[in-house]
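Subject: The structure, and what turned up in it

Hi,

Here is the structure to look through. Open it next to this email and follow along.

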Amino acid sequence: MQVVATAGHVDHGKSTLVRALTGMEPDRLAEERRRGLTLDLGFAWTDLPSGTRLAFVDVPGHERFVTTMLAGVGPVPAVLLTVAADEGWMPQTEEHLDALDALGVRHAVLAVTRADLADPRHALRQARTRLATTGLAGSESVTVSATTGEGLPELVAALDRLAARLPVPDADAPVRLWIDRAFTVPGSGTVVTGTLPAGTVRTGDELLLMPAGRRVRVRAVETTKERVDTATGVARVALNLRGVARDDVARGMALVTPGAWTAATTLDVRTHFGEASGRLARQMTLHIGSAAVPVRLRPLGPDTARLTLNHRLALHIGDTALLRDPGRRAVAGVSVLDVRPPTLVRRGAGTARARELATWPDRPDGAHVLRRHGVLRRADLTVMGCRPPSGAVALDGDWLADPAHWEALHRRLADEVARHAADRPLAPGLPVETARLRLSLPARDLITALVRPPLRLDAGRVHGPGLPQPVVAAVDRLRADLAATPFRAPTADRLGEIGLTPPILAVAERAGAVLRLPGDVVLLPGGDRAALRVLHELPQPFTVGQAREALDAPRRVTIALLEHLHRQGRTERLPDGHRVPADTDATGS
């Protein structure tokens, strides 16, 4: 199926043409038929010669119903633009074309209607000239009379060719169905209709009703009055919703795939087709899909602006919408650049943001978005409508990082660790949570991922590549004291004299810069292994006295070393108090 909306000035034959093409009455309301004036959206369909089913969304042409017209055109990929041969190009034709151009509609058939009432050539020239400066330039045109049937076969063929040219949407895309009608069916409950531009809706699906954010279940699916299990965009669909009251849904709401869209209230956009952003009104209406939402506009650059919405919309980066100022009949097209923009509170933040956005394309990709945020989860990119960029740094926990930003974070972490060590030389490294806050990262796991040599992670703290200077100096003095007699550990008083006070000694011990044994026995790292080598040279088994003499160490140091080696299983204590290395038996053999 394909879906086409009508467009054009009031009373230029849009509904009459749809009626002639489909044999169906698009004007649903009795007042519409009585007055001969379309007041609301109408719906009809036909099967083209190629076999393609073509659905029409018939829109009102009166200037008072532009909002309704935009609700019908918003989700539709193509239009049937009508111009009456006996009236030619008219103000509402111009307003509709401006809106279509701003919305980015690029597929159309031009129908010059009422060709039985006047020579259509003048109106045709007018229309072609006007379309030539828009995105609809080159659209196929047909002259037609719905009354006599003249030109109808040619129009059907042109619509068939149009349908064949339209892009095929992604059936696996997330669903966003803009509701254009809601009503109650006795015995079934609430039904909503809309144009499904992409994705697939199935009976039993759970969707999110926006802006409320309420989860609803699809009880049944219809497309062009036929009950189906599955409907794939592009299609006109009617969804019967389970447990939803009629008053809970209205035109402008949307049914979306949960977890696939950003519920946005603030947007950064690029403006097209119209005046510079600075000349636009500060209060406007944003039209997207069937929604019309009041917004507050803050200009950023010549063609960029910040929009603050009255309520949430389900949006993706790259969405196209329309800004309208009804008082001036002014419109501007917008491309959504960011659905999670940064706050602008600091002086000059708006100017800086404008400079950044000036470098972005109209449809930023995942690389642009990740570069702006630095670090994001894959799911964050998904709800913003972007694919993860190929060059991203993949981290645990489904995190992605921009490569340049990740390297900058590593350098900043090293700087923070060094600064922390300088400010608090005896502190045991920078706590991970403190590092997370200083680097403004959303999760502690990211700090863990950032740590790599020469940084190291120990006991929930990030340590730098070296020891604080006071610790280095004290250990150097200990090394000098033990150079000649490696087992004559300093006394407590001497430890204080060389700077190995309890706080500094604790830091040195944690870093493995000293070997600390019970009784405040402090030796250099590896002192226990050196002692074991000496003990291996003694006649086996040996006494404590023999060990003390061989080690040239005080008794307190000898006892501490022997107990330490025993706890490690490197020596054994015999029943008579003698000792042997663990790999030597009591006979000394």
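Pro-431 stands opposite Arg-461 in strand 27. Strands here are DSSP runs of E with at least two residues, helices are runs of H or I with at least four, and both are numbered from the N terminus. Strand 25 is joined to strand 27 (residues 461-463) by 2 bridges, and the two run antiparallel. Two strands count as paired if DSSP finds at least two bridges between them. In general, strands of a sheet pair through backbone hydrogen bonds.

Before you read on: this is a predicted model, where local features need pLDDT of at least 70 and side-chain atom pairs count only at pLDDT 80 or more, while totals for chains, interfaces and linings use all residues. Residues are numbered from 1 along each chain as its sequence is written, and side-chain values use heavy atoms, with hydrogens and water left out.

Now the charged pairs. The structure holds 39 salt bridges, each one a side-chain nitrogen of Lys or Arg within 4 Å of a carboxyl oxygen of Asp or Glu. Which side chains meet Arg-270 in a salt bridge? Asp-303 does, at 3.3 Å from N to O, and so does Asp-362, at 3.1 Å. Asp-362 lies in the loop between helix 7 (349-358) and helix 8 (366-373) and Arg-270 in strand 16, so this pair ties together parts that are 92 residues apart in sequence. Arg-270 is buried, with a relative accessible area of 6%, whereas Asp-303 is partly exposed at 31% and Asp-362 is partly exposed at 35%. For those words, buried means under 20% relative accessible area, exposed over 50%, and partly exposed in between, using a 1.4 Å probe and protein chains only.

Asp-380 and Arg-340 make another salt bridge, at 3.6 Å from N to O. Asp-380 sits in helix 9 (residues 378-384) and Arg-340 in the loop between strand 21 (330-338) and helix 7, so parts 40 residues apart in sequence are tied together. There is also a network in which salt bridges with shared partners join Asp-268, Arg-306, Asp-338, Arg-353, Glu-356 and Arg-372.

Next, a helix pair. The axes of helix 17 (residues 544-551) and helix 18 (residues 555-567) come within 9 Å and cross at roughly 110 degrees. Axes are lines fitted to C-alpha atoms, for helices over the stretch in contact, and angles run from 0 to 180 degrees between N-to-C directions. Helix 17 is therefore roughly perpendicular to helix 18 (65 to 115 degrees counts as that).

Last, some backbone details. Where are the cis peptide bonds? One joins Met-210 and Pro-211, with omega about 15 degrees, and another joins Gln-540 and Pro-541, with omega about -10 degrees. Pro-211 is in the loop between strand 10 (206-210) and strand 11 (214-223). Asp-11 has a phi near 65 degrees, a positive value in a residue other than glycine, and Asp-11 is exposed at 54%. Thr-224 also has a positive phi, near 45 degrees, but Thr-224 is buried at 8%.

Cheers

Technical notes: Angles under 35 degrees count as roughly parallel, over 145 as roughly antiparallel, 65 to 115 as roughly perpendicular and the rest as oblique.
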